[in-house]
Amino acid sequence: FNLIGWGPIVSQKNDRHPTYVFVGSNGREVFINTFEFDIGSMQYFMRQDKCQLPSTGLVRQYNCSTIKEDLLYAGTQGGEIAIFNIFSKIYKGTVPVSSHGIWSLLTHGDSIFVGGGDGKVKKISVGVGGGWSVDSEVQLDGKVMSLTLSLDKKEVLCGTNAGTIFRLLASDLSYMIHSESHVSAITDINFGFSHNDKFATLDQAGWVKLWDSNDYSVSFKAQAKAEGCSIAIADDFTIFTGWSDGFIRCYDPQSGALLWHLPNAHRGKVTTVYADMNYILSGGEDCQVRVWTRQTHQLLLQLSGHSKPITKVLPDYTQPHLIHSCGMDKMITTFDLKQEKKVNGHMIKNGVLYDMSQRKDNEYELVTCGQGSPIYFWDCDEVEPVALIEYPYKVSTIQVSPKGKYIAFGTETNEIFIYDISDPNKFGFVARGIGHSGPVLKLKWSPDEKQIMSVSVDSTLCIWNFYGQIISEPIQFVQQQVSIQDK
């Protein structure tokens, strides 16, 4: 059924076993379904009757419905409300309301609230003589998919296909935003360098959103006509984004305005981006790592060393003139900006690499994750990895905590894991979190190391509070033994 709703309860025949009525539609026809209790067999039986429609001229697709007393109001894709009598099962009339279809309906007193495909919510009064009048209306973002009355009947909760939930006063439809979300896969997330309560997200539908973690509200949002791939926040909190159309776009965190853009920064997708006071780094589907000046946004260097798309680029933690990158060609490469050449490299034997981070202590090893290989720790002075964490499935994202004591990674099994890496000879399992219904694409630590944010293909953003202590044992398919190789 496209729509379903409960009708009035009839208790005239049997008070102990009343008759129940619910209505439904398979798209173009409306059915009245009656549950009646049979005393002989001591069970309910359902009878289905089709509503009578005019013989010609009324073919509609029904999207939603609401019931008031003995009348069924059904919203159509043509933007009309069709009215049916439930007990006589006949069509009574049609009232045009919206030009882009009706997707939600709600009755309250003598009023009907209508949610349209044009983003408008209308409050319509139904007079005693059958006259209809629009008392008030409001324009919202996206198609209005749901309307629900609050328990005190003073507010209407409204949800749109743009991922926004509104609170509307039932009296005059004045509104405020209750919450917002993404409606497509969230491809990246970033905190920046120093803000614990501000973070930015990017999704496949092209939305950039800056969030306030104090109340999880959206400070600003902007949209580009491309698929979002990567996002970074610079030291001055300027937001840098990489896109599927090859552009790098920069946004003002206060107004959300587009400050500038770099067209054709890469051929194909800009898969990874980084920015600070020194430079802008980007990696692309064209297998190139590029360095841009921060002030003028001019190309400073192009670094070649990969044969497949770049998946991560970042500067060295202690020597900013060293640039590390990894790609789907199984390579980890280090470039020296002073020498303008490749100075180091590693390679895994199997699989692909999806993300990379760097330790803040010990030997400042690079840490990589991917598919078909463990999580490896790489020392620049060693050819082979110096440590590993075994995990049998795809690990799509990884990050060492800001203080360097922990490492977190997200997987295709919809989970995140945290390990204590403070002891270089023994890594300790700390925690596992399950909150997504789809593979985790990216995760990030907050700068104060008290929270982890993770995003997924299921359009959800999970906020994890982290307290640091060991809370559980490793689950069975995660190998408890961590291999540490002698240097």
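Arg290 is buried, with a relative accessible area of 8%, where buried means under 20% relative accessible area, exposed means over 50% and partly exposed lies in between, as computed with a 1.4 Å probe on protein chains only. The structure is a predicted model, in which local features need pLDDT of at least 70 and side-chain atom pairs count only at pLDDT 80 or more, while totals for chains, interfaces and linings use all residues. Residues are numbered from 1 along each chain as its sequence is written, and side-chain values use heavy atoms, with hydrogens and water left out.

The side chain of Arg290 meets that of Asp286 in a salt bridge, at 3.6 Å from N to O; a salt bridge is here a side-chain nitrogen of Lys or Arg within 4 Å of a carboxyl oxygen of Asp or Glu. Asp286 also counts as buried, at 9% relative accessibility. Ala265 itself is buried, with a relative accessible area of 0%, and lies in the loop between strand 24 (258–262) and strand 25 (270–275); strands (E, at least two residues) and helices (H or I, at least four) are DSSP runs, numbered from the N terminus. Between Ala265 and Val134 there are 131 residues of separation in sequence and 51 Å in space, taken from C-alpha to C-alpha.

By the rule given above, the count of salt bridges comes to 19. Among them is the pair of Glu80 and Arg60, whose side chains meet at 2.5 Å from N to O. Glu80 lies in strand 7 (residues 80–85) and Arg60 in the loop between strand 4 (43–50) and strand 5 (62–68), so this pair ties together parts that are 20 residues apart in sequence. Glu80 is buried, with a relative accessible area of 15%, whereas Arg60 is partly exposed, at 22%. In another salt bridge, the closest N and O atoms of Glu137 and Lys120 are 3.5 Å apart. Because Glu137 lies in strand 12 (residues 132–139) and Lys120 in strand 11 (residues 120–126), the pair ties together parts that are 17 residues apart in sequence. Glu137 is partly exposed, with a relative accessible area of 41%, and Lys120 is likewise partly exposed, at 27%. A network of salt bridges links Glu36, Arg47 and Asp49.

Strand 9 and strand 10 (residues 111–116) pair in the antiparallel sense over six bridges, and His108 stands opposite Ser111 in strand 10.

A further open sheet is formed by four strands in the order 1-2-3-4, and its pairing is antiparallel. Its edge strands are strand 1 (3–6) and strand 4, each of which pairs on one side only. Strand 2 (residues 20–25) and strand 3 (residues 30–38) run antiparallel and are joined by six bridges, and the bridge partner of Phe22 in strand 3 is Asn33.

Methods. Pairing = 2+ DSSP bridges.
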